[in-house]
Amino acid sequence: MVRQVLIWGGLLLLLFLAPLFLHGYSLYILSLGGVYVIATIGLNLLTGYAGQVSIGHAGFLAIGAYAAALLLARAGLPFWLGLPLAGLITGLTGFILLIPALRLSTIYLAVATLGFGAAVYEILPRWSALTGGHQGMRLPGLSLFGLKLDTDMSLYLLSLIVTVIMILMARNIVYSKLGRAFIAIRDHETAAQALGISLPRYKAYAFFISAFYTGIAGGLYAYVVGYISPGGFDLGKSIYLFSMMALGGMASIPGSVVGALFLAFLPFWLSSFRGLQQFIYGAALVSVVVFMPYGIWGFVRRWTMPDKLKRLPRPLRAVMEFVHR
Amino acid sequence: MLAQLVVSGLAAGSLYALMALGLVLIYKTTDIVNFGYGDMTMFSTFIAYALLTWYGLPFWTSFLGAIIAGFLLGILVDRGILRPARNAPVVSLLIATLGIGMMLEAIAGWIFGYDVKAFPYALKGPPIILGNVILRRHDLLVFAVAAAIALLLFAMFKFTDIGIAMRATAQNKRAARLMGISTERISALSWALGVGIGAVAGVLIAPIAFLGLTRMIPVMIKAFAAAVLGGFTSMPGAIVGGLLLGVTENLVSGYMPPPLAPLKTTFIFLVLILVLAIRPQGLLGEPPGRRV
């Protein structure tokens, strides 16, 4: 227990001190990493834990981003009120997908959610009175009690704090009655019903929570980038989120964190390989699947099994045991 | 007006049906949803383009070249990448096909360049007028090729040993292996056939939609919708779904009031979801087995 607190505390301290040794663009990418961590956790709660496949989550990301932008720019709400509200609004739109989800599963549900994403993507630029059409919207700067949050550092810290809160919340959801009900539904719907789990109710919870998470991520995205346009929320973005979840590890919170950060940083690392980026990116997706079939986190866990750990020197073992827990 | 919309819808629908057939074929025997299908189709079509314009071969030879390229590509994907990863969960394999697609896009970009290219029609000449319906010669070719492939597949699954072995593999892999069927070979064959059919569709789509690195992806998305509409486990379903989607799409864009016209995709998916709400397994799909 003490050891865990030490490792967690150390990691958090390191992240909070990151602005001391990272600057500008790296901090910006790290802030965006937080956005994708939250969205991937949201998708993983729905797909990994509750077994409801979605490849339309860019739609929720868009709704969250536009809700947060409008609440800030038009309604003039402070961001600490606007962001949870944007999440809540997005969460409510999550119920739209409940209608197909009660009847459909697997690839059928996937195509229905794809339709939702396509619909949001198509409606956004047409509803220009609200969204500014194809030109998009520029957001006013954030401020907290008269203090302007306009530097990369302040936006990074905002992203970090929101991400940490959302991770802790997800952990609590997963280890609660709710999380166990999700897993039961994923593993066997009929058996779950026999245990007294109401499918419509818990699927509704799953879609609400997942959309809420993705909405918060969308709002944070709008704050961090400072500008949103419909172009950023196409099918490609939905698939991007899905890849983050699958590569990190299904039904795993640390997996979502690792997967999201991996794919968020990959283009950044590859930027020096001009002309080769797309090839290496594709090859990276393929190699992770071939060499780590259960995702990056699954791989890490497998290589930190207790019997393999005994051979390691003590300090390294402590870290590995922490990872494996 | 109505007849014209239906007929051109059927022509577009035949192309969706072809790609949907390829997707269903691969899915049925290997359980893999191929998200790289659009890129594989694009790549084989570029082979036809290269044979046609770089080497000056006649159209039909190039067409054949694209089909062979599709076959080989399918085998390469199955043997080279998916077999080593066969223990991975289905969701991970989906990501692998996505990665393969991105690699193919990159390779095609290096070899063929990044600009969109015009692709010639196989049949030139004035359109054919039947009553009040105008048909391009290309549409006739599309109908003929789609019908031929559907019939060939039907005959193969009905009468040949390989076709029956494929059906057995789709039904129950372990039992098929116990009957002496090499399911590995069947999976390679399904990939070859699936990607090969994609090449056929690609060569027929390219004159209409032009040929570019990502031009086939929207068609793939529609093929997914078509396959789901017909039932993702049914080959006749893929054809019915493709034709129905093509006609619906054309009727929607023909009769929708102009202010709503930009929301075409939304409307089509709404129709799709309504159909699935009534038949969750698609029009001709088998209901999922109930394991209690």
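Visitor: What should I know about the model before we start?
Guide: The model is predicted, so local features need pLDDT of at least 70 and side-chain atom pairs count only at pLDDT 80 or more, while totals for chains, interfaces and linings use all residues. Residues are numbered from 1 along each chain as its sequence is written, and chains are lettered from A, with ligands numbered from 1, in the order in which they are written.

Visitor: How do you know what confidence the predictor has in chain A and in chain B?
Guide: Through pLDDT, the predictor's confidence in each residue, from 0 to 100. Chain B averages 92, and 98% of its residues score at least 70. Chain A has a mean of 89, with 93% of its residues at 70 or more. Within chain A, helix H17 (residues 314–324) is lowest at a mean of 60, and helix H11 (residues 199–225) is highest at 96. For the complex, the predictor gives an ipTM of 0.89 and a pTM of 0.90.

Visitor: What makes residues of chain A and chain B count as in contact, and how many are there?
Guide: Two residues are in contact if their C-beta atoms, placed from the backbone, lie within 7 Å. On that basis, 29 residues of chain A are in contact with 36 residues of chain B. On the chain A side, helices H6 (106–126), H12 (235–248) and H14 (277–291) each supply at least two residues. H6(A) gives the largest share, 10 residues.

Visitor: Which classes make up the side of chain A that touches chain B?
Guide: There are 21 nonpolar, 5 polar and 3 charged residues. Here Ala, Val, Leu, Ile, Met, Phe, Trp, Tyr, Cys and Pro count as nonpolar, Asp, Glu, Lys and Arg as charged, and the others, Gly among them, as polar.

Visitor: Why is Gly285(B) called buried?
Guide: A residue is buried if 20 or more other C-beta atoms lie within 10 Å of its own, exposed if 12 or fewer, and partly exposed in between, with C-beta atoms placed from the backbone. Gly285(B) has 22, so it is buried. Gly285(B) sits in the segment after H11 of chain B. Leaving out residues up to four places away in sequence, Gly285(B) touches Gly231(B), Phe232(B), Thr233(B), Ser234(B) and Gly237(B).

Visitor: Why is Ala277(B) called partly exposed?
Guide: Ala277(B) has 14 other C-beta atoms within 10 Å, so it is partly exposed. Ala277(B) lies in helix H11 of chain B. Beyond its neighbours within four places in sequence, Ala277(B) is in contact with Pro100(A) and Arg103(A).

Visitor: How do you know that the span of H11(B) is close to what is expected?
Guide: The expected span is 1.5 Å times one less than the number of residues. Helix H11(B), residues 264–278, has 15 residues and reaches 22 Å from first C-alpha to last, close to the expected 21 Å.

Visitor: Why do we say that the buried residues of H11(B) line one face?
Guide: Those residues are Thr265(B), Ile268(B), Phe269(B), Leu272(B), Ile273(B) and Leu276(B). Seen down the helix axis, they fall within an arc of 140°, so they line one face of H11(B); the arc is that of the directions from the axis to the C-beta atoms. Leu274(B) and Ile278(B), on the other side, are exposed. The cover over the buried residues includes H5 (98–101) and H6 of chain A, together with H9 (217–230) and H10 (235–255) of chain B.

Visitor: What makes Ala264(A) the place of a kink in H13(A)?
Guide: The bend at a residue is the angle between axes fitted to the seven residues ending there and the seven starting there. At Ala264(A) the kink is about 25°, shortly before the proline Pro267(A). The buried residues of H13(A), Ala264(A) among them, pack against H2 (24–49), H8 (152–174), H12 and H15 (295–302) of chain A.

Visitor: What makes the phi of Ala251(A) worth a look, and is Ala251(A) buried or exposed?
Guide: Most residues other than glycine have a negative phi. Ala251(A) is not a glycine, yet its phi is positive, near 50°. With 22 C-beta neighbours inside 10 Å, Ala251(A) counts as buried. Ala251(A) is in the loop between H12 and H13 of chain A.

Visitor: Why is Asp31(B) called exposed?
Guide: Asp31(B) has 12 other C-beta atoms within 10 Å, so it is exposed. Asp31(B) also has a positive phi, about 65°, although it is not a glycine.

Technical notes: Helices (H or I, at least four residues) and strands (E, at least two) are DSSP runs, numbered from the N terminus.
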